[in-house]
Amino acid sequence: AAPPGTIYLPQAQAPLWSMAFTVASDRRPLDAIGAVRGVLADIDAELPLFEARPMSDVVAETMASTRVVLSTLTVFATVAAVLAGVGLYAVIAYVVRQRRRELAIRIALGATPKSVGVGVLRDGLALVAGGVAAGTVVSVVGAGVLADLVVGVPPRDPLTLVTVGAILLVVGALATFVPAYRAAS
């Protein structure tokens, strides 16, 4: 984000107990810290220098809580995808078991096992596609809630939406494949 407006006052005019400053350097961080210590010693040998550290450490410390939240969300999202896959498998397997006689009669009347399996697969993927479409709409509408947590990715990023939708379709296809295969056999 753009930095807020700032007013700089001389230390003599508005004394502070502590000061912080940032140094941009082409040197390695430890070499730059040594050079800064030397400059401070030239100004005043009694000026202390505390917490001299690379900016990457400062950024990592600042982002630690966000990283924990996002890691937790990733774990929960993975568990949710697995549970959704298992649940879809259970529902499709139950429906196939309930329709076992119907499917057997279809095969007895001339339907190929392949067409029966493809029909079950198509029905399962229709459910998954409907769920992915509904989930996409909900995620686009509710994206503002997580906007502050995702850094560097817009909350309504089309690539992310397509990727997640494709992953869920693959999970759904895998969950539907076994019952469809059983129906075909």
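Six salt bridges turn up when the whole of this predicted model is searched.

Let's start with Arg-53, whose side chain meets that of Glu-51 in a salt bridge, at 3.8 Å from N to O. Glu-51 counts as exposed because its relative accessibility is 66%, while Arg-53, at 32%, counts as partly exposed.

Next, look at helix α3. Arg-106 and Glu-102 both sit in that helix, four residues apart, which is about one turn, and they form a salt bridge with their closest N and O atoms 3.0 Å apart. Both ends are partly exposed: Arg-106 has a relative accessibility of 45%, and Glu-102 has 31%.

Asp-123 is partly exposed at 37%, and so is Arg-99 at 24%.

Now follow α4 (residues 113-141) over to α5 (residues 158-184): their axes come within 8 Å and cross at roughly 155 degrees. An angle over 145 counts as roughly antiparallel, so that is how α4 runs relative to α5. The crossing is right-handed. Among the residues making the contact are Val-120, Gly-124 and Val-128 of α4, and Leu-168, Gly-172 and Phe-177 of α5. What kinds of residues make up the contact of α4 with α5? They divide into 18 nonpolar, six polar and no charged.

Technical notes. Residues are numbered from 1 along each chain as its sequence is written. This is a predicted model: local features need pLDDT of at least 70, side-chain atom pairs count only at pLDDT 80 or more; totals for chains, interfaces and linings use all residues. Side-chain values use heavy atoms; hydrogens and water are left out. Axes are lines fitted to C-alpha atoms, for helices over the stretch in contact, and angles run from 0 to 180 degrees between N-to-C directions. Helices (H or I, at least four residues) and strands (E, at least two) are DSSP runs, numbered from the N terminus. Angles under 35 degrees count as roughly parallel, over 145 as roughly antiparallel, 65 to 115 as roughly perpendicular and the rest as oblique. A crossing is left-handed if the near helix is turned anticlockwise from the far one by less than a right angle, and right-handed if clockwise. Contact means heavy atoms within 4.5 Å. Ala, Val, Leu, Ile, Met, Phe, Trp, Tyr, Cys and Pro count as nonpolar, Asp, Glu, Lys and Arg as charged, and the others, Gly among them, as polar. A salt bridge is a side-chain nitrogen of Lys or Arg within 4 Å of a carboxyl oxygen of Asp or Glu. Buried means under 20% relative accessible area, exposed over 50%, partly exposed in between (1.4 Å probe, protein chains only).
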